Amino acid sequence: MKALSLTLLTFLCLALSTQARIGESLDDCIKRYGEPAQCPQPKTLLFHKSGIAITCFFVDGHCVQISYKKLEPAARLNEREVEILRMANGSKWQLRPDDRHNPTIHWSNETCECQWDRNTGLLQFEALAEKKRKADEIRAAEKKLLEGF
């Protein structure tokens, strides 16, 4: 019984340590990845950790987009690394059926979308709420352009 309890406790601790990075606060990201290497654009921070460049985009103080890419130019994230990072950023991922043989593979779950470009090694996540916010912003701008027609 003790062994089973210890196993369950270990599994729970591992699961908690890989909670979603999408949605984390700026402070959470700094604790996870260390001090930012640079701030390439407003609301965007670039971190370096374990040979990987991590770019986080923040809205209202929370990470809504995150990308991972190897720092070494010739290196690419492999399938196992992509799987680990996907699981760290959510669960219940569904592969888009037509993507098995494409260079870019797309997954989605109930909170975000993920895409991996096998050619460049770039892995990107975007919260569905952020995707909707951007689409609403574009629609509002288009509507404003056509006002008075």
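Colleague: I'd like to start in the middle of the chain. What covers the buried residues of helix 3?

Modeller: Good place to begin! Keep in mind that this is a predicted model. The cover over the buried residues of helix 3 includes strand 4 (62-70), strand 6 (104-108), strand 7 (112-117) and strand 8 (123-127).

Colleague: Which residues of helix 3 are buried?

Modeller: Helix 3 spans residues 79-88, and its buried residues are Val82, Leu85, Arg86 and Ala88. Looking down the axis of helix 3, you find these buried residues within an arc of 160°, so they line one face of the helix. On the other side of helix 3, Glu79 and Arg80 are exposed.

Colleague: And what should I look for at the two ends of that helix?

Modeller: At the start of helix 3, check Asn78: one of its side-chain oxygens comes to within 3.0 Å of the backbone nitrogen of Arg80. Just after helix 3, look at Gly90, which has a positive phi of about 150°.

Colleague: Which ring does the charged end of Arg86 sit over?

Modeller: The ring of Trp107, with the charged end of Arg86 at 4.2 Å from the ring centre. Remember that Arg86 is also among the buried residues of helix 3.

Colleague: Let's turn to aromatic rings. How do I read a pair of them?

Modeller: The general idea is that a pair of aromatic rings is described by the distance of the centres and the angle of the planes. In this model there are 3 aromatic pairs. Take Tyr33 and Phe47: their ring centres are 5.5 Å apart and their planes are at 45°, so this pair is tilted.

Colleague: Where in the chain are Tyr33 and Phe47?

Modeller: Tyr33 belongs to helix 2 (residues 26-33) and Phe47 to strand 2 (residues 44-49), so to speak two distant parts of the chain, 14 residues apart, linked by the pair.

Colleague: Are those two residues buried or exposed?

Modeller: Tyr33 has 10% relative accessibility and counts as buried, and Phe47 is buried with a relative accessible area of 0%. The cut-off for buried is under 20%.

Colleague: Which residues do ring pairs link into a cluster?

Modeller: Tyr68, Trp93 and Phe125.

Colleague: Now let me step back. How many helices and strands does the protein have?

Modeller: There are 4 helices and 8 strands. Along the sequence they follow the pattern α-α-β-β-β-β-α-β-β-β-β-α. The protein has 149 residues, of which 30% count as buried. Among contacts with a separation of 6 or more, 34% join residues 24 or more positions apart.

Colleague: Last one: where does pLDDT stay under 50?

Modeller: Over residues 4-20, for which the model has 7 contacts beyond four places in sequence. As a rule, where pLDDT is low, the predicted coordinates should not be read in detail. For the protein as a whole, pLDDT averages 85, and 85% of the residues score at least 70.

Terms used:
Residues are numbered from 1 along each chain as its sequence is written. This is a predicted model: local features need pLDDT of at least 70, side-chain atom pairs count only at pLDDT 80 or more; totals for chains, interfaces and linings use all residues. Side-chain values use heavy atoms; hydrogens and water are left out. Buried means under 20% relative accessible area, exposed over 50%, partly exposed in between (1.4 Å probe, protein chains only). The arc is that of the directions from the helix axis to the C-beta atoms. Contact means heavy atoms within 4.5 Å. A polar contact is a pair of N or O atoms within 3.5 Å; within protein, one must be able to donate a hydrogen and the other to accept it, and residues adjacent in sequence count only if both atoms are side-chain atoms. Rings of Phe, Tyr and Trp (its six-membered ring) pair if their centres lie within 6.5 Å; planes under 30 degrees apart count as stacked, over 60 as edge-to-face and the rest as tilted. A charge sits over a ring if NZ of Lys or CZ of Arg is within 6 Å of the ring centre and within 35 degrees of the ring normal. pLDDT is the predictor's confidence in each residue, from 0 to 100.
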